[in-house]
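Have the sequence and the model open side by side as you read.

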Amino acid sequence: MDYMMHRWGHIDPQGIEDRFDAGEIVGEGGVPLTRSTRLEDHTFIWYYRTLPPETRLPVEINILHQDDHILVVDKPHFLPTTPGGTYIQESALVRLRNLLDLPDLIPMHRLDRMTAGILLLSTNPETRGRYQVLFEKRQVRKEYECVSAAQPAEGYPAVEFPALVRNRMTKSRSYLLAEVVEGEPNTETRIEQVRTFDAGAGPRALYRLEPHTGKTHQLRVHMASLGLGIVNDAFYPDLLDKAPDDYGKPLQLLARGIRFTDPITGQPVEYRSKLQLSEAQD
């Protein structure tokens, strides 16, 4: 307990004592540690914190496919893929683990909290590596859709579609936004304008995006770099003040489809989202 107090006593000393007494601080094999347990070299300690109650997000996950190896779902806007920050139970992973009683469920890739669409998860630890290799070797093709202005913003050059955007991006854990920097490109996205339509805010267009790399916020940064910031994007091209989620104005970015050769069956497969972008007029 002296060690725990030294490391984290400034945060919640009474909570540490209470957790020791409740058996919520454990060592190897889940054996509870007491206040007087001697700390030995190379001792691993698991410290379980009490989670604050979470308000359920008013969005739902739709299951599109499930077999002995994978699970494919439509993740809604506003729901994070994995636990983090203020969202623990209210993440796609924890919701699905609880709903389907699949404690070994692991996502094969991630979608931003504000991005909706196709999410692939592994249900079987024994075959998980065979799917992970596909992502590592970039043998998984992804297709996204977004809604933006039909023409670049003032001050940006005209764009000829299909366009190929390549640049070098960095994302620091200490900084909210991804940045484009000088150097060898490490990102690439093919962008196609599918159709244009008239909207109250001016002419808009539906775009098809095919990323060949998978950096954080890549698609949002690439669209903004063309003067075509995605509708309802609070980060790019301008960072807006943090505000409560507006469920009536989701980011107009959707992971439309994913395709690959299934490593178990050897057959090509494709999974398509059934969601629609609310601003994508027919």
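1. What covers the buried residues of H3? Keep in mind that this is a predicted model. The cover includes three strands: S4 (70-75), S5 (106-107) and S6 (116-122).

2. Now for the helix itself. H3 runs over residues 92-100, and its buried residues include Ala92, Leu93, Val94, Arg95 and Leu96.

3. Next, the inside of the protein. The largest nonpolar core holds 30 residues, and Leu121, Tyr207, Leu209, Met223 and Leu253 have the most contacts inside it. At least two core residues come from each of S4, H3, S6, strand S7 (141-149), strand S11 (202-211), helix H5 (218-225) and strand S12 (253-261). There is also a second, separate core of twelve residues, with Ile70, Ile118, Leu120 and Tyr271 among them.

4. Leucine 121 deserves a click. Leaving out residues up to four places away in sequence, leucine 121 touches Leu93 and Leu96, as well as His69, Ile70, Leu71 and Val73.

5. Last stop: a hairpin. S12 and S13 make one, with six residues between them. The strands pair in the antiparallel sense over five bridges, S13 being residues 268-272. To see them face to face, look for phenylalanine 260, which stands opposite valine 269 in S13. In the turn, glycine 266 has a positive phi of about 75 degrees.

Definitions and conventions. Residues are numbered from 1 along each chain as its sequence is written. This is a predicted model: local features need pLDDT of at least 70, side-chain atom pairs count only at pLDDT 80 or more; totals for chains, interfaces and linings use all residues. Side-chain values use heavy atoms; hydrogens and water are left out. Buried means under 20% relative accessible area, exposed over 50%, partly exposed in between (1.4 Å probe, protein chains only). Helices (H or I, at least four residues) and strands (E, at least two) are DSSP runs, numbered from the N terminus. Contact means heavy atoms within 4.5 Å. A nonpolar core is a set of buried Ala, Val, Leu, Ile, Met, Phe, Trp, Tyr and Cys residues joined through side-chain atoms within 4.5 Å. Two strands pair if DSSP finds at least two bridges between them.
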